[in-house]
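Please open the structure in your viewer, and follow the selections below in order.

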Amino acid sequence: MKTIIFDVDDTLYDQVIPFKKAIEKNFPNNNIDIDKLYEMSRRFSDEVFELTERGEMNLENMHIYRIQEAFKYFGTTISQEEARTFQKDYQNNQKEITLLPDIQDSFDFVSKQHITMGIVTNGPIEHQKNKIKQLGLEKWIQKSNMFISSEVGIAKPDVRLFELVQKKMNLVPSETYYIGDSFENDVVGASNAGWNTIWINRKNKKNSNKDVNPNFIVNEQNDIISVLKVIL
């Protein structure tokens, strides 16, 4: 029996939207391309992700660090207080996130096929649980099939996380499909566990690991519903 597992951030919803609203509110005179600023903030966030997972850097410091460093990359300095206020607005905006239309259609389609679904996501427990609740994922996915890195103590792309999920959900690797936007965390991580992968590449990113290829790619030319129809 096939199983479909999803990432959350930038897979189920567009994470740039709440980020953009917070930037426009706090830095109205900003002339940096917001998509590029967001991309750099994620890069700096990933840089210290393991420190936050191990408790060596608290979340507030990580949030301040990533946006300060992102602005610094483009030659602009912001204060800690500006970074802190931005993060507060960013998190408030995340309380209004909604599923992307093609994702909601995909959930409905897979559900009608009576296919089991799951969630595997990196991030702080409460933060990710709030997103799961806001997106209404329990309508389609059982709580027992939702896995958050900081809750289980292992983060993507560590193959042990995928192996843990595989054991808990009694998955058959060759029948399991993982859908995510991060090439390194999602495609490489799931591939190393023997899972099939669907790379959500709406922003036309480059393949960061030429030794690994996703089974399917979702982009402007190929939507997720058409891929799922092929699989199922």
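Begin with the charged side chains: the mean positions of the 29 positive and 34 negative charges of the chain are 3 Å apart, where Lys and Arg count as positive and Asp and Glu as negative, with His and the chain ends not counted, and each charge is placed at NZ of Lys, CZ of Arg, CG of Asp or CD of Glu. This is a predicted model, in which local features need pLDDT of at least 70 and side-chain atom pairs count only at pLDDT 80 or more, while totals for chains, interfaces and linings use all residues. Residues are numbered from 1 along each chain as its sequence is written, and side-chain values use heavy atoms, without hydrogens and water.

Next, select Ile4, Phe6, Leu12, Phe107 and Leu137, which have the most contacts inside the largest nonpolar core, a set of 32 residues. Such a core consists of buried Ala, Val, Leu, Ile, Met, Phe, Trp, Tyr and Cys residues joined through side-chain atoms within 4.5 Å, buried meaning under 20% relative accessible area with a 1.4 Å probe, protein chains only. Colour α11 (224–231) now, one of the elements that supply at least two residues each; α11 gives the most, with five residues.

Then centre on Phe107, which, leaving aside its neighbours within four places in sequence, is in contact (heavy atoms within 4.5 Å) with Phe6, Leu12, Leu99, Met117, Leu137, Trp140 and Ile141.

Finally, zoom out to the whole chain, where 49% of the 232 residues count as buried.

Technical notes
Buried < 20%, exposed > 50% of the residue type's maximum accessible area, 1.4 Å probe, protein only. Helix = DSSP H or I, 4+ residues; strand = E, 2+ residues; numbered from the N terminus.
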